[in-house]
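Please have the sequence and the structure open while reading.

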Amino acid sequence: MSMIASLALTLPELILSTGALLLLLVAAWGGDGSSRLISWASVALLAIAGLSLGCANGVAFDGLYKADAFSNFAKALVYAAAAVSILIAPRFFEARGAMRAEYPILILLSSVGMGMMVSATDLLTLYVGLELQSLAAYVLASFMRRDSRSAEAGLKYFVLGALASGILLYGISLLYGFTGTTQFGGVATALGDGISHGELFGLVFVMAGLAFKISAVPFHMWTPDVYEGAPTPVTAFFASAPKVAAMALLVRIAVDAMGPATSSWQQIVIFAALASTILGGVAAIGQVNIKRLLAYSSINNVGFALFGLAAGTPDGVAATMSYMAVYIVMTLGSFLCVLQMRNAAGDAVEDIASLSGLSRTRPGLAAAFAIFMFSLAGIPPLFGFWPKFLVFDALVAIGLWPLAMIGIATSVIGAFYYLKIVKTMYFDEPAPAYAPSASRMENGLIALSAVAVSPLGYLAIPLLGALSMAAARALF
Amino acid sequence: MREKPLVDLSQYLPILLFLGVALAISGAFVVLPMIVNRLTGTAKPNPDKLAEYECGFPAFEDSRAQFDVRFYLVAILFIVFDLEAAFLYPWAVSLGGIGLTGWASMMLFLVELGIGFAYAWKKGALDWE
(Lines give C-alpha, C1' and ligand atoms only; values in the text may rest on other atoms or scores of the structure.)
Protein backbone atom coordinates (compact mmCIF):
# COMPACT_ATOMS: atom_id res chain seq x y z
CA MET A 1 0.00 0.00 0.00
CA SER A 2 1.37 3.35 -0.96
CA MET A 3 2.32 6.05 1.50
CA ILE A 4 -0.37 8.38 0.19
CA ALA A 5 -3.12 5.81 0.72
CA SER A 6 -1.87 5.21 4.28
CA LEU A 7 -1.84 8.90 5.02
CA ALA A 8 -5.37 9.22 3.63
CA LEU A 9 -6.56 6.62 6.13
CA THR A 10 -5.05 8.57 9.03
CA LEU A 11 -6.76 11.78 7.91
CA PRO A 12 -8.48 12.48 11.28
CA GLU A 13 -5.17 12.28 13.12
CA LEU A 14 -3.43 14.39 10.47
CA ILE A 15 -6.09 17.10 10.74
CA LEU A 16 -5.88 17.19 14.52
CA SER A 17 -2.09 17.10 14.82
CA THR A 18 -1.47 19.69 12.11
CA GLY A 19 -4.16 21.90 13.56
CA ALA A 20 -2.79 21.53 17.08
CA LEU A 21 0.72 22.50 15.95
CA LEU A 22 -0.55 25.58 14.14
CA LEU A 23 -2.67 26.57 17.13
CA LEU A 24 0.38 26.12 19.36
CA LEU A 25 2.14 28.81 17.35
CA VAL A 26 -0.95 31.03 17.61
CA ALA A 27 -0.89 30.42 21.37
CA ALA A 28 2.78 31.34 21.64
CA TRP A 29 2.42 34.62 19.76
CA GLY A 30 -1.15 35.51 20.67
CA GLY A 31 -0.77 34.82 24.39
CA ASP A 32 -3.56 33.81 26.74
CA GLY A 33 -5.80 36.49 25.25
CA SER A 34 -6.25 34.27 22.21
CA SER A 35 -7.58 31.36 24.26
CA ARG A 36 -11.23 31.89 23.22
CA LEU A 37 -10.26 31.90 19.56
CA ILE A 38 -8.13 28.78 20.02
CA SER A 39 -10.94 27.01 21.89
CA TRP A 40 -13.40 27.57 19.06
CA ALA A 41 -10.80 26.64 16.45
CA SER A 42 -10.09 23.41 18.36
CA VAL A 43 -13.77 22.51 18.51
CA ALA A 44 -13.98 23.17 14.76
CA LEU A 45 -10.96 20.91 14.18
CA LEU A 46 -12.56 18.13 16.21
CA ALA A 47 -15.76 18.52 14.18
CA ILE A 48 -13.85 18.37 10.88
CA ALA A 49 -11.88 15.34 12.07
CA GLY A 50 -15.17 13.73 13.10
CA LEU A 51 -16.65 14.39 9.65
CA SER A 52 -13.58 12.91 7.97
CA LEU A 53 -14.19 9.62 9.81
CA GLY A 54 -17.07 8.62 7.56
CA CYS A 55 -15.44 6.75 4.73
CA ALA A 56 -12.08 5.67 6.19
CA ASN A 57 -11.75 1.90 6.08
CA GLY A 58 -8.59 -0.14 5.68
CA VAL A 59 -5.15 -0.99 7.02
CA ALA A 60 -2.41 1.62 6.87
CA PHE A 61 1.39 1.57 7.27
CA ASP A 62 1.80 -2.18 6.70
CA GLY A 63 -0.48 -3.20 9.54
CA LEU A 64 0.44 -0.63 12.18
CA TYR A 65 -2.85 1.23 12.00
CA LYS A 66 -6.37 0.28 11.05
CA ALA A 67 -9.40 2.40 10.31
CA ASP A 68 -12.61 0.40 10.56
CA ALA A 69 -16.14 0.70 11.89
CA PHE A 70 -14.88 0.00 15.41
CA SER A 71 -12.23 2.72 15.45
CA ASN A 72 -14.61 5.19 13.79
CA PHE A 73 -17.27 4.55 16.43
CA ALA A 74 -14.80 5.05 19.28
CA LYS A 75 -13.24 8.11 17.65
CA ALA A 76 -16.62 9.77 17.18
CA LEU A 77 -17.30 9.38 20.91
CA VAL A 78 -13.81 10.59 21.84
CA TYR A 79 -14.00 13.70 19.65
CA ALA A 80 -17.44 14.60 20.95
CA ALA A 81 -16.32 14.29 24.58
CA ALA A 82 -13.15 16.26 23.86
CA ALA A 83 -15.15 19.04 22.22
CA VAL A 84 -17.48 19.32 25.22
CA SER A 85 -14.46 19.42 27.57
CA ILE A 86 -13.07 22.34 25.59
CA LEU A 87 -16.38 24.20 25.50
CA ILE A 88 -16.97 24.07 29.26
CA ALA A 89 -13.46 25.15 30.23
CA PRO A 90 -13.11 28.91 29.54
CA ARG A 91 -15.70 30.09 32.06
CA PHE A 92 -14.33 27.82 34.80
CA PHE A 93 -10.73 28.87 34.34
CA GLU A 94 -11.45 32.54 33.68
CA ALA A 95 -13.20 32.78 37.05
CA ARG A 96 -9.89 31.75 38.61
CA GLY A 97 -7.68 33.79 36.29
CA ALA A 98 -6.10 30.58 35.07
CA MET A 99 -7.36 30.30 31.48
CA ARG A 100 -4.43 29.56 29.26
CA ALA A 101 -4.34 29.06 25.53
CA GLU A 102 -2.64 25.68 25.93
CA TYR A 103 -5.71 23.96 27.38
CA PRO A 104 -7.54 23.23 24.09
CA ILE A 105 -4.26 22.33 22.41
CA LEU A 106 -3.46 19.74 25.06
CA ILE A 107 -6.93 18.25 24.61
CA LEU A 108 -6.36 18.11 20.85
CA LEU A 109 -3.02 16.35 21.27
CA SER A 110 -4.59 13.96 23.71
CA SER A 111 -7.33 13.27 21.14
CA VAL A 112 -4.69 12.44 18.53
CA GLY A 113 -3.24 9.92 20.98
CA MET A 114 -6.65 8.45 21.67
CA GLY A 115 -7.29 8.13 17.93
CA MET A 116 -4.04 6.20 17.61
CA MET A 117 -5.04 4.00 20.55
CA VAL A 118 -8.36 2.90 19.10
CA SER A 119 -6.86 2.38 15.64
CA ALA A 120 -3.76 0.51 16.80
CA THR A 121 -3.23 -2.96 15.38
CA ASP A 122 0.34 -3.19 16.58
CA LEU A 123 1.63 -3.22 20.14
CA LEU A 124 4.00 -0.32 19.46
CA THR A 125 1.36 1.91 17.84
CA LEU A 126 -0.74 1.13 20.88
CA TYR A 127 2.02 2.24 23.22
CA VAL A 128 2.84 5.43 21.33
CA GLY A 129 -0.84 6.39 21.22
CA LEU A 130 -1.30 5.65 24.90
CA GLU A 131 1.71 7.76 25.88
CA LEU A 132 0.64 10.66 23.68
CA GLN A 133 -2.74 10.62 25.40
CA SER A 134 -1.29 10.19 28.89
CA LEU A 135 1.42 12.84 28.69
CA ALA A 136 -1.13 15.46 27.69
CA ALA A 137 -3.42 14.21 30.47
CA TYR A 138 -0.74 14.55 33.17
CA VAL A 139 -0.26 18.19 32.25
CA LEU A 140 -4.02 18.78 32.15
CA ALA A 141 -4.46 17.30 35.64
CA SER A 142 -2.09 19.88 37.10
CA PHE A 143 -3.34 22.64 34.85
CA MET A 144 -4.01 25.01 37.76
CA ARG A 145 -0.44 24.66 38.92
CA ARG A 146 -0.71 27.23 41.71
CA ASP A 147 -3.50 25.17 43.28
CA SER A 148 -1.93 22.55 45.53
CA ARG A 149 -4.70 19.98 44.99
CA SER A 150 -4.36 20.26 41.23
CA ALA A 151 -0.58 19.90 41.41
CA GLU A 152 -0.97 16.89 43.68
CA ALA A 153 -3.43 15.31 41.26
CA GLY A 154 -1.02 15.80 38.38
CA LEU A 155 1.92 14.33 40.27
CA LYS A 156 -0.05 11.32 41.50
CA TYR A 157 -1.43 10.69 38.05
CA PHE A 158 2.02 10.97 36.53
CA VAL A 159 3.80 8.65 38.96
CA LEU A 160 1.10 5.96 38.90
CA GLY A 161 0.57 6.38 35.16
CA ALA A 162 4.28 5.91 34.53
CA LEU A 163 4.19 2.75 36.65
CA ALA A 164 1.24 1.42 34.63
CA SER A 165 3.00 2.26 31.37
CA GLY A 166 6.02 0.35 32.61
CA ILE A 167 3.89 -2.68 33.45
CA LEU A 168 2.21 -2.50 30.04
CA LEU A 169 5.54 -2.16 28.26
CA TYR A 170 6.93 -5.14 30.17
CA GLY A 171 3.93 -7.20 29.06
CA ILE A 172 4.46 -6.03 25.47
CA SER A 173 8.12 -7.05 25.60
CA LEU A 174 7.15 -10.50 26.92
CA LEU A 175 4.55 -10.94 24.20
CA TYR A 176 7.05 -9.85 21.58
CA GLY A 177 9.72 -12.13 23.02
CA PHE A 178 7.50 -15.21 23.05
CA THR A 179 5.52 -14.64 19.85
CA GLY A 180 8.18 -12.95 17.74
CA THR A 181 5.92 -10.16 16.50
CA THR A 182 4.28 -6.98 17.72
CA GLN A 183 1.35 -7.13 15.28
CA PHE A 184 -2.01 -8.10 16.71
CA GLY A 185 -2.64 -10.60 13.92
CA GLY A 186 0.74 -12.23 14.41
CA VAL A 187 0.26 -12.47 18.18
CA ALA A 188 -3.12 -14.12 17.60
CA THR A 189 -1.55 -16.65 15.21
CA ALA A 190 1.15 -17.46 17.75
CA LEU A 191 -1.40 -17.85 20.54
CA GLY A 192 -3.50 -20.10 18.28
CA ASP A 193 -1.43 -23.22 18.99
CA GLY A 194 -1.71 -23.11 22.78
CA ILE A 195 -0.58 -20.42 25.18
CA SER A 196 2.87 -20.75 26.80
CA HIS A 197 3.74 -19.51 30.28
CA GLY A 198 5.70 -16.60 28.88
CA GLU A 199 2.81 -15.53 26.69
CA LEU A 200 0.44 -15.85 29.63
CA PHE A 201 2.61 -13.54 31.71
CA GLY A 202 2.75 -11.06 28.85
CA LEU A 203 -1.04 -11.16 28.53
CA VAL A 204 -1.50 -10.59 32.27
CA PHE A 205 0.87 -7.63 32.34
CA VAL A 206 -0.75 -6.01 29.31
CA MET A 207 -4.18 -6.49 30.90
CA ALA A 208 -2.95 -4.97 34.18
CA GLY A 209 -1.50 -1.93 32.40
CA LEU A 210 -4.73 -1.36 30.49
CA ALA A 211 -6.88 -1.94 33.59
CA PHE A 212 -5.05 0.99 35.14
CA LYS A 213 -5.94 3.21 32.21
CA ILE A 214 -9.65 2.39 32.43
CA SER A 215 -9.37 2.54 36.26
CA ALA A 216 -10.77 -0.93 36.84
CA VAL A 217 -10.33 -2.42 40.30
CA PRO A 218 -7.67 -3.41 41.50
CA PHE A 219 -5.86 -0.62 39.60
CA HIS A 220 -8.32 2.13 40.45
CA MET A 221 -6.69 3.81 43.46
CA TRP A 222 -5.53 6.89 41.57
CA THR A 223 -9.00 7.73 40.26
CA PRO A 224 -10.70 9.40 43.26
CA ASP A 225 -7.65 11.51 44.12
CA VAL A 226 -7.03 12.63 40.55
CA TYR A 227 -10.70 13.31 39.82
CA GLU A 228 -11.06 15.33 43.01
CA GLY A 229 -7.87 17.36 42.57
CA ALA A 230 -8.01 18.10 38.86
CA PRO A 231 -9.97 21.18 37.71
CA THR A 232 -13.60 20.17 37.04
CA PRO A 233 -13.54 20.52 33.20
CA VAL A 234 -10.42 18.34 33.17
CA THR A 235 -12.14 15.80 35.41
CA ALA A 236 -15.07 15.75 32.99
CA PHE A 237 -12.58 15.06 30.22
CA PHE A 238 -10.81 12.27 32.15
CA ALA A 239 -14.09 10.59 32.99
CA SER A 240 -15.23 10.53 29.37
CA ALA A 241 -12.86 10.51 26.39
CA PRO A 242 -9.81 8.57 27.73
CA LYS A 243 -12.14 6.01 29.29
CA VAL A 244 -13.76 5.31 25.91
CA ALA A 245 -10.39 5.16 24.16
CA ALA A 246 -8.80 2.84 26.72
CA MET A 247 -11.87 0.62 26.79
CA ALA A 248 -11.88 0.39 22.99
CA LEU A 249 -8.17 -0.39 23.05
CA LEU A 250 -8.71 -3.13 25.62
CA VAL A 251 -11.54 -4.60 23.55
CA ARG A 252 -9.49 -4.56 20.37
CA ILE A 253 -6.40 -6.13 21.91
CA ALA A 254 -8.45 -8.73 23.75
CA VAL A 255 -10.38 -9.78 20.65
CA ASP A 256 -7.89 -9.09 17.85
CA ALA A 257 -4.58 -10.08 19.42
CA MET A 258 -5.64 -12.44 22.19
CA GLY A 259 -8.75 -13.94 20.63
CA PRO A 260 -7.39 -17.52 20.68
CA ALA A 261 -6.59 -17.12 24.40
CA THR A 262 -10.07 -15.89 25.28
CA SER A 263 -10.42 -18.33 28.18
CA SER A 264 -7.26 -16.85 29.74
CA TRP A 265 -8.21 -13.19 29.67
CA GLN A 266 -11.87 -13.87 30.31
CA GLN A 267 -11.09 -14.72 33.96
CA ILE A 268 -9.15 -11.49 34.38
CA VAL A 269 -11.91 -9.40 32.83
CA ILE A 270 -14.59 -11.11 34.90
CA PHE A 271 -12.64 -10.47 38.10
CA ALA A 272 -11.97 -6.83 37.20
CA ALA A 273 -15.63 -6.32 36.26
CA LEU A 274 -16.96 -7.84 39.49
CA ALA A 275 -14.44 -6.08 41.71
CA SER A 276 -15.06 -2.71 39.98
CA THR A 277 -18.83 -2.86 40.28
CA ILE A 278 -18.71 -3.96 43.93
CA LEU A 279 -16.00 -1.55 45.07
CA GLY A 280 -17.37 1.29 42.95
CA GLY A 281 -20.76 0.77 44.57
CA VAL A 282 -19.68 0.28 48.18
CA ALA A 283 -16.85 2.80 48.44
CA ALA A 284 -18.97 5.62 47.02
CA ILE A 285 -21.47 5.44 49.88
CA GLY A 286 -19.33 7.33 52.40
CA GLN A 287 -18.17 10.11 50.07
CA VAL A 288 -19.01 13.72 50.86
CA ASN A 289 -17.28 15.26 47.83
CA ILE A 290 -19.31 15.11 44.64
CA LYS A 291 -16.25 14.72 42.39
CA ARG A 292 -14.95 11.80 44.45
CA LEU A 293 -18.39 10.26 44.32
CA LEU A 294 -18.49 10.57 40.54
CA ALA A 295 -15.01 9.02 40.40
CA TYR A 296 -16.32 5.93 42.20
CA SER A 297 -19.34 6.04 39.93
CA SER A 298 -17.00 5.90 36.92
CA ILE A 299 -15.19 2.89 38.43
CA ASN A 300 -18.58 1.26 38.92
CA ASN A 301 -19.63 1.95 35.33
CA VAL A 302 -16.37 0.68 33.86
CA GLY A 303 -17.11 -2.57 35.68
CA PHE A 304 -20.49 -2.85 33.94
CA ALA A 305 -18.92 -2.11 30.56
CA LEU A 306 -16.34 -4.84 31.22
CA PHE A 307 -19.16 -7.36 31.72
CA GLY A 308 -19.87 -6.99 28.00
CA LEU A 309 -16.28 -7.75 27.09
CA ALA A 310 -16.27 -10.66 29.55
CA ALA A 311 -18.91 -12.33 27.39
CA GLY A 312 -16.34 -12.37 24.60
CA THR A 313 -18.98 -12.42 21.86
CA PRO A 314 -19.86 -9.86 19.16
CA ASP A 315 -23.04 -9.10 21.11
CA GLY A 316 -21.00 -8.50 24.26
CA VAL A 317 -18.57 -6.17 22.51
CA ALA A 318 -21.45 -4.28 20.91
CA ALA A 319 -23.01 -3.95 24.37
CA THR A 320 -19.73 -2.58 25.77
CA MET A 321 -19.52 0.02 23.01
CA SER A 322 -23.17 1.02 23.49
CA TYR A 323 -22.49 1.27 27.21
CA MET A 324 -19.56 3.62 26.66
CA ALA A 325 -21.63 5.78 24.32
CA VAL A 326 -24.43 6.24 26.87
CA TYR A 327 -21.93 6.48 29.73
CA ILE A 328 -20.11 9.51 28.33
CA VAL A 329 -23.39 11.37 27.90
CA MET A 330 -24.40 10.62 31.51
CA THR A 331 -21.00 11.43 32.97
CA LEU A 332 -20.49 14.63 30.97
CA GLY A 333 -23.98 15.72 31.99
CA SER A 334 -23.20 15.06 35.66
CA PHE A 335 -19.97 17.03 35.52
CA LEU A 336 -21.74 19.87 33.74
CA CYS A 337 -24.09 19.98 36.74
CA VAL A 338 -21.11 19.94 39.11
CA LEU A 339 -19.74 22.95 37.22
CA GLN A 340 -22.91 24.85 38.17
CA MET A 341 -22.19 24.33 41.88
CA ARG A 342 -20.87 27.77 42.77
CA ASN A 343 -21.69 29.71 45.92
CA ALA A 344 -22.90 33.29 45.94
CA ALA A 345 -19.31 34.57 45.76
CA GLY A 346 -18.77 32.51 42.62
CA ASP A 347 -16.36 29.97 44.19
CA ALA A 348 -16.79 26.31 43.31
CA VAL A 349 -18.26 24.11 46.05
CA GLU A 350 -17.92 20.37 45.86
CA ASP A 351 -19.57 18.95 48.98
CA ILE A 352 -22.75 16.99 48.49
CA ALA A 353 -24.43 18.70 51.47
CA SER A 354 -24.51 21.98 49.53
CA LEU A 355 -26.93 20.35 47.09
CA SER A 356 -29.62 20.29 49.81
CA GLY A 357 -32.95 21.58 48.62
CA LEU A 358 -31.68 22.36 45.16
CA SER A 359 -35.14 21.55 43.79
CA ARG A 360 -36.47 24.73 45.43
CA THR A 361 -33.63 27.12 44.54
CA ARG A 362 -32.77 25.77 41.06
CA PRO A 363 -35.54 23.39 39.95
CA GLY A 364 -34.23 22.96 36.41
CA LEU A 365 -30.72 22.04 37.50
CA ALA A 366 -32.09 19.68 40.17
CA ALA A 367 -34.28 17.94 37.61
CA ALA A 368 -31.36 17.48 35.20
CA PHE A 369 -29.09 16.24 37.99
CA ALA A 370 -31.77 13.80 39.10
CA ILE A 371 -32.14 12.49 35.54
CA PHE A 372 -28.39 11.83 35.35
CA MET A 373 -28.36 10.12 38.74
CA PHE A 374 -31.36 7.90 37.94
CA SER A 375 -29.79 7.11 34.60
CA LEU A 376 -26.38 6.23 36.10
CA ALA A 377 -28.21 4.00 38.55
CA GLY A 378 -29.82 2.26 35.58
CA ILE A 379 -33.41 2.78 36.63
CA PRO A 380 -35.67 1.63 33.77
CA PRO A 381 -37.54 4.54 32.25
CA LEU A 382 -34.24 6.33 31.74
CA PHE A 383 -31.80 5.54 28.98
CA GLY A 384 -29.02 4.42 31.36
CA PHE A 385 -31.00 1.22 31.83
CA TRP A 386 -30.66 0.14 28.22
CA PRO A 387 -26.87 -0.51 27.99
CA LYS A 388 -26.96 -2.28 31.37
CA PHE A 389 -29.67 -4.52 29.96
CA LEU A 390 -27.53 -5.17 26.87
CA VAL A 391 -24.43 -6.28 28.80
CA PHE A 392 -26.41 -8.59 31.05
CA ASP A 393 -28.28 -9.93 28.03
CA ALA A 394 -24.92 -10.78 26.41
CA LEU A 395 -23.81 -12.56 29.60
CA VAL A 396 -27.00 -14.59 29.85
CA ALA A 397 -26.74 -15.52 26.16
CA ILE A 398 -23.51 -17.44 26.80
CA GLY A 399 -24.76 -18.99 30.01
CA LEU A 400 -22.94 -16.73 32.48
CA TRP A 401 -26.19 -15.91 34.27
CA PRO A 402 -24.70 -16.16 37.81
CA LEU A 403 -22.38 -13.32 36.84
CA ALA A 404 -25.31 -11.32 35.49
CA MET A 405 -27.17 -11.83 38.76
CA ILE A 406 -24.23 -10.58 40.84
CA GLY A 407 -23.96 -7.63 38.48
CA ILE A 408 -27.61 -6.74 38.96
CA ALA A 409 -27.20 -7.02 42.74
CA THR A 410 -24.23 -4.61 42.69
CA SER A 411 -26.19 -2.17 40.57
CA VAL A 412 -28.76 -2.11 43.38
CA ILE A 413 -26.00 -1.24 45.88
CA GLY A 414 -24.85 1.49 43.51
CA ALA A 415 -28.37 2.85 43.23
CA PHE A 416 -28.26 3.73 46.93
CA TYR A 417 -25.83 6.60 46.64
CA TYR A 418 -27.29 7.91 43.41
CA LEU A 419 -30.70 8.02 45.06
CA LYS A 420 -29.19 9.65 48.15
CA ILE A 421 -28.16 12.63 46.01
CA VAL A 422 -31.66 12.86 44.59
CA LYS A 423 -33.06 12.72 48.12
CA THR A 424 -30.64 15.48 49.23
CA MET A 425 -31.77 17.69 46.37
CA TYR A 426 -35.49 17.10 46.71
CA PHE A 427 -36.28 16.44 50.37
CA ASP A 428 -33.64 18.20 52.50
CA GLU A 429 -33.89 21.72 53.90
CA PRO A 430 -32.45 24.19 51.37
CA ALA A 431 -28.78 25.13 51.76
CA PRO A 432 -27.62 28.60 50.64
CA ALA A 433 -28.53 29.01 46.98
CA TYR A 434 -25.94 28.70 44.23
CA ALA A 435 -24.96 31.62 42.07
CA PRO A 436 -27.24 31.81 39.02
CA SER A 437 -25.92 30.19 35.88
CA ALA A 438 -24.28 32.72 33.60
CA SER A 439 -23.67 30.53 30.60
CA ARG A 440 -26.41 29.76 28.11
CA MET A 441 -24.15 27.24 26.39
CA GLU A 442 -23.66 25.17 29.53
CA ASN A 443 -27.38 25.19 30.25
CA GLY A 444 -27.96 24.09 26.68
CA LEU A 445 -25.46 21.25 26.98
CA ILE A 446 -27.04 20.10 30.24
CA ALA A 447 -30.49 20.16 28.66
CA LEU A 448 -29.23 18.31 25.59
CA SER A 449 -27.58 15.52 27.57
CA ALA A 450 -30.57 15.28 29.93
CA VAL A 451 -32.88 14.81 26.94
CA ALA A 452 -30.48 12.23 25.47
CA VAL A 453 -30.57 10.04 28.58
CA SER A 454 -34.27 10.63 29.24
CA PRO A 455 -36.78 8.06 27.90
CA LEU A 456 -36.57 9.97 24.59
CA GLY A 457 -33.13 8.35 24.22
CA TYR A 458 -34.84 5.08 23.38
CA LEU A 459 -35.59 6.58 19.95
CA ALA A 460 -31.83 6.32 19.29
CA ILE A 461 -31.68 2.58 19.96
CA PRO A 462 -31.91 1.44 16.31
CA LEU A 463 -29.11 3.79 15.28
CA LEU A 464 -26.91 3.10 18.32
CA GLY A 465 -27.51 -0.63 18.05
CA ALA A 466 -26.64 -0.72 14.35
CA LEU A 467 -23.48 1.35 14.79
CA SER A 468 -22.19 -0.59 17.79
CA MET A 469 -22.98 -3.92 16.14
CA ALA A 470 -21.10 -2.83 12.99
CA ALA A 471 -18.20 -1.81 15.25
CA ALA A 472 -18.17 -5.17 17.01
CA ARG A 473 -18.46 -7.08 13.72
CA ALA A 474 -15.33 -5.31 12.48
CA LEU A 475 -13.34 -7.12 15.16
CA PHE A 476 -14.66 -10.66 14.80
CA MET B 1 26.20 -40.32 25.19
CA ARG B 2 26.82 -36.94 26.74
CA GLU B 3 23.88 -34.54 26.75
CA LYS B 4 24.11 -31.49 24.60
CA PRO B 5 24.58 -28.42 26.83
CA LEU B 6 21.74 -25.89 26.76
CA VAL B 7 24.01 -23.04 25.71
CA ASP B 8 27.38 -23.31 24.04
CA LEU B 9 29.46 -21.40 26.58
CA SER B 10 32.68 -21.53 24.58
CA GLN B 11 31.49 -18.66 22.38
CA TYR B 12 31.66 -16.36 25.42
CA LEU B 13 35.41 -16.97 25.92
CA PRO B 14 36.46 -13.60 24.45
CA ILE B 15 34.23 -11.78 26.96
CA LEU B 16 35.77 -13.78 29.81
CA LEU B 17 39.27 -12.88 28.61
CA PHE B 18 38.25 -9.26 28.26
CA LEU B 19 36.92 -9.19 31.82
CA GLY B 20 40.13 -10.79 33.13
CA VAL B 21 42.34 -8.28 31.34
CA ALA B 22 40.14 -5.38 32.48
CA LEU B 23 40.29 -6.56 36.09
CA ALA B 24 44.09 -6.96 35.95
CA ILE B 25 44.73 -3.56 34.41
CA SER B 26 42.31 -1.64 36.63
CA GLY B 27 43.81 -3.38 39.68
CA ALA B 28 47.25 -2.34 38.58
CA PHE B 29 46.11 1.29 38.17
CA VAL B 30 44.99 1.31 41.80
CA VAL B 31 47.83 -0.61 43.39
CA LEU B 32 50.83 0.65 41.40
CA PRO B 33 50.61 4.34 42.43
CA MET B 34 50.27 3.30 46.06
CA ILE B 35 53.42 1.17 45.89
CA VAL B 36 55.40 3.79 43.98
CA ASN B 37 54.19 6.40 46.44
CA ARG B 38 55.48 4.41 49.44
CA LEU B 39 58.81 3.56 47.81
CA THR B 40 59.66 7.08 46.71
CA GLY B 41 58.75 8.56 50.09
CA THR B 42 56.10 11.04 48.89
CA ALA B 43 53.35 9.54 51.13
CA LYS B 44 52.49 12.50 53.38
CA PRO B 45 48.75 12.16 54.11
CA ASN B 46 46.73 15.14 55.41
CA PRO B 47 42.94 15.45 55.93
CA ASP B 48 42.37 17.15 52.57
CA LYS B 49 44.28 14.50 50.69
CA LEU B 50 42.37 11.71 52.44
CA ALA B 51 38.96 13.24 51.76
CA GLU B 52 36.78 11.62 49.06
CA TYR B 53 36.77 13.37 45.72
CA GLU B 54 33.26 13.81 44.34
CA CYS B 55 33.52 16.02 41.26
CA GLY B 56 33.96 19.15 43.33
CA PHE B 57 30.80 18.75 45.41
CA PRO B 58 30.91 18.08 49.15
CA ALA B 59 30.63 14.30 49.42
CA PHE B 60 28.18 14.18 52.31
CA GLU B 61 25.22 16.53 52.64
CA ASP B 62 21.45 16.45 52.88
CA SER B 63 20.14 14.67 49.80
CA ARG B 64 17.01 16.84 49.82
CA ALA B 65 18.83 19.91 48.60
CA GLN B 66 16.71 22.18 46.41
CA PHE B 67 17.62 22.78 42.81
CA ASP B 68 16.45 25.78 40.88
CA VAL B 69 13.57 24.56 38.70
CA ARG B 70 15.17 26.32 35.74
CA PHE B 71 17.84 23.63 35.62
CA TYR B 72 15.12 21.08 34.83
CA LEU B 73 13.79 23.18 32.00
CA VAL B 74 17.23 23.38 30.43
CA ALA B 75 17.80 19.67 31.03
CA ILE B 76 14.49 18.73 29.35
CA LEU B 77 15.21 20.95 26.35
CA PHE B 78 18.64 19.37 26.16
CA ILE B 79 17.20 15.85 26.17
CA VAL B 80 14.80 16.70 23.36
CA PHE B 81 17.52 17.92 21.05
CA ASP B 82 19.96 15.26 22.19
CA LEU B 83 17.45 12.61 21.12
CA GLU B 84 16.93 14.44 17.87
CA ALA B 85 20.64 14.06 17.16
CA ALA B 86 20.47 10.41 18.15
CA PHE B 87 17.71 9.88 15.57
CA LEU B 88 19.48 11.94 12.91
CA TYR B 89 22.62 9.84 12.85
CA PRO B 90 21.16 6.45 11.83
CA TRP B 91 18.79 8.31 9.49
CA ALA B 92 21.72 9.99 7.72
CA VAL B 93 23.63 6.71 7.42
CA SER B 94 20.69 4.83 5.90
CA LEU B 95 19.26 7.65 3.82
CA GLY B 96 20.18 5.89 0.58
CA GLY B 97 18.03 2.90 1.52
CA ILE B 98 14.96 4.58 2.92
CA GLY B 99 14.33 6.90 0.01
CA LEU B 100 12.07 9.89 -0.28
CA THR B 101 9.65 8.60 2.38
CA GLY B 102 12.42 8.44 4.97
CA TRP B 103 13.68 11.88 4.03
CA ALA B 104 10.21 13.43 4.22
CA SER B 105 9.47 11.74 7.55
CA MET B 106 12.60 13.16 9.14
CA MET B 107 11.92 16.62 7.71
CA LEU B 108 8.43 16.50 9.23
CA PHE B 109 9.93 15.44 12.55
CA LEU B 110 12.37 18.33 12.42
CA VAL B 111 9.61 20.79 11.56
CA GLU B 112 7.57 19.55 14.54
CA LEU B 113 10.55 19.92 16.84
CA GLY B 114 11.16 23.34 15.34
CA ILE B 115 7.60 24.38 16.20
CA GLY B 116 8.09 23.15 19.75
CA PHE B 117 11.35 25.03 19.95
CA ALA B 118 9.77 28.22 18.63
CA TYR B 119 7.04 27.85 21.25
CA ALA B 120 9.53 27.35 24.06
CA TRP B 121 11.60 30.29 22.87
CA LYS B 122 8.61 32.60 22.56
CA LYS B 123 7.37 31.57 26.00
CA GLY B 124 10.73 32.57 27.46
CA ALA B 125 11.89 29.09 28.42
CA LEU B 126 15.37 29.98 27.23
CA ASP B 127 15.73 33.19 29.27
CA TRP B 128 17.55 32.59 32.51
CA GLU B 129 16.09 35.61 34.30
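A:R252 is buried, at 0% relative accessibility (buried means under 20% relative accessible area, exposed over 50%, partly exposed in between, with a 1.4 Å probe and protein chains only). Its salt-bridge partner is A:D68, at 3.1 Å from N to O; a salt bridge is a side-chain nitrogen of Lys or Arg within 4 Å of a carboxyl oxygen of Asp or Glu. The two residues are 184 apart in the chain, with A:R252 in helix 12 (residues 232-257) of chain A and A:D68 in the loop between strand 2 (65-67) and helix 4 (69-87) of chain A. A:D68 is also buried, at 3%.

This is a predicted model, in which local features need pLDDT of at least 70, side-chain atom pairs count only at pLDDT 80 or more, and totals for chains, interfaces and linings use all residues. Residues are numbered from 1 along each chain as its sequence is written, chains are lettered from A and ligands numbered from 1 in the order written, and side-chain values use heavy atoms, without hydrogens and water.

**Salt bridges**

The whole structure has 14 salt bridges over all chains.

| Pair | N to O distance |
|---|---|
| A:R252 and A:D68 | 3.1 Å |
| A:R36 and A:E94 | 2.8 Å |
| A:E102 and B:K123 | 3.1 Å |

A:R36 in helix 3 (residues 35-51) of chain A and A:E94 in helix 5 (residues 89-95) of chain A are 58 residues apart in sequence, so their pairing ties those parts together. Helices (H or I, at least four residues) and strands (E, at least two) are DSSP runs numbered from the N terminus. A:R36 is partly exposed at 43%, and A:E94 is partly exposed at 38%.

The pair A:E102 and B:K123 crosses between chains, from helix 6 (residues 102-119) of chain A to the segment after helix 4 (95-122) of chain B. A:E102 is buried at 9%, whereas B:K123 is partly exposed at 36%.

**Helix packing and a buried glutamate**

The axes of helix 17 (residues 363-377) and helix 19 (residues 401-427) of chain A come within 8 Å and cross at roughly 170°. That makes the two helices roughly antiparallel (over 145 degrees; under 35 is roughly parallel, 65 to 115 roughly perpendicular and the rest oblique).

A:E442, in helix 20 (residues 440-453) of chain A, is buried at 2%. Beyond its neighbours within four places in sequence, A:E442 is in contact (heavy atoms within 4.5 Å) with A:I88, A:R91, A:L336, A:L339 and A:Q340.

Key:
Axes fitted to C-alpha atoms, helices over the stretch in contact; angles between N-to-C directions.
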